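Here is a short tour to read with the model open beside you.

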Amino acid sequence: PLFRSRFWKLTLQLLSRFVTWLQELTSRGTSADVDIDSLILLAADIGLLEAELPSFFVAVAAPKLSFLGETAQNFMTSASIEEMYEALKAQIPVLGEMITGLLANQCIRILEPTQTIPRLYRHTNREVPLKASSFVSGAFRSLAMCGKFPEPCRDEWTVKTLSVVTERYAAMVGDLLTSVKKTEDSLLRLKKGRRGGATT
């Protein structure tokens, strides 16, 4: 019985340290030096731990700690488990923001060379492109990582990632088209000016 109590305290300490480490990690947001795959695995582990923790307490821990007496047992187990459970649960959406943000940033970095396309065709006889650029297919390859998201969060995190990427890409293309239009208008005014000068 003496060792049961000590091992249970050790279990709670390990959970507490894990929660503290997790909170420190997620507090760094997308600036954290962690790859996306590792974060996805971490999210899956937390989801499993969150799902198993209550049943582990009821089926395994509580019966073995019954010798402590009702008051001591309630203090050492129910309250502690509930605290750990809520702390873990609270970190899943924070971790989701971190994962979707990192993946969206990765896709946008792949799509940034889109801004160079006009320079590749300006003042050349190259044919107008008829298919998507390699940047787009590269972004879709990165987005395939959404399939690795933990099952309970997959749809929500996928929609969030796609929304951020499409919104930022649309803004990027919009700025690009505005710049191209301004350049065309400027060249047109220049040509008109030259024609007017030649006429006079």
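## About the model

This is a predicted model, in which local features need pLDDT of at least 70, side-chain atom pairs count only at pLDDT 80 or more, and totals for chains, interfaces and linings use all residues. Residues are numbered from 1 along each chain as its sequence is written, and side-chain values use heavy atoms, with hydrogens and water left out.

## Overall fold

The protein has six helices and zero strands, where helices (H or I, at least four residues) and strands (E, at least two) are DSSP runs numbered from the N terminus. Along the sequence, the pattern reads α-α-α-α-α-α.

Of the 200 residues, 31% are buried; buried means under 20% relative accessible area, exposed over 50%, and partly exposed in between (1.4 Å probe, protein chains only). Contact here means heavy atoms within 4.5 Å. Among contacts between residues at least 6 apart in sequence, 81% join residues at least 24 apart.

## The nonpolar core

A nonpolar core is a set of buried Ala, Val, Leu, Ile, Met, Phe, Trp, Tyr and Cys residues joined through side-chain atoms within 4.5 Å. The largest one here has 39 residues, and Leu95 and Ile99 have the most contacts inside it. At least two residues of this core come from each of helix 1 (2–27), helix 2 (36–64), helix 3 (70–111), helix 5 (134–143) and helix 6 (154–199). Helix 3 gives the most, with 15 residues.

Setting aside neighbours within four places in sequence, Leu95 touches Thr26, Leu39, Leu42, Ala43 and Ile46.

## Alanine 139

Ala139 sits in helix 5 and is buried, at 4% relative accessible area. Beyond its neighbours within four places in sequence, Ala139 is in contact with Cys107, Ile110 and Leu111. The C-alpha atoms of Ala139 and Ile108 are 7.5 Å apart, although 31 residues separate them along the chain.

## The cysteines

How many disulfides does the structure hold? It holds zero, with a disulfide taken as a pair of cysteine sulfur atoms within 2.5 Å. For Cys107, the closest cysteine sulfur is in Cys146, 7.4 Å away, so the two are too far apart for a bond. Cys107 is buried at 0% relative accessibility, and Cys153 is buried too, at 12%.

## An exposed residue

Phe7 lies in helix 1. With 54% relative accessibility, Phe7 counts as exposed.
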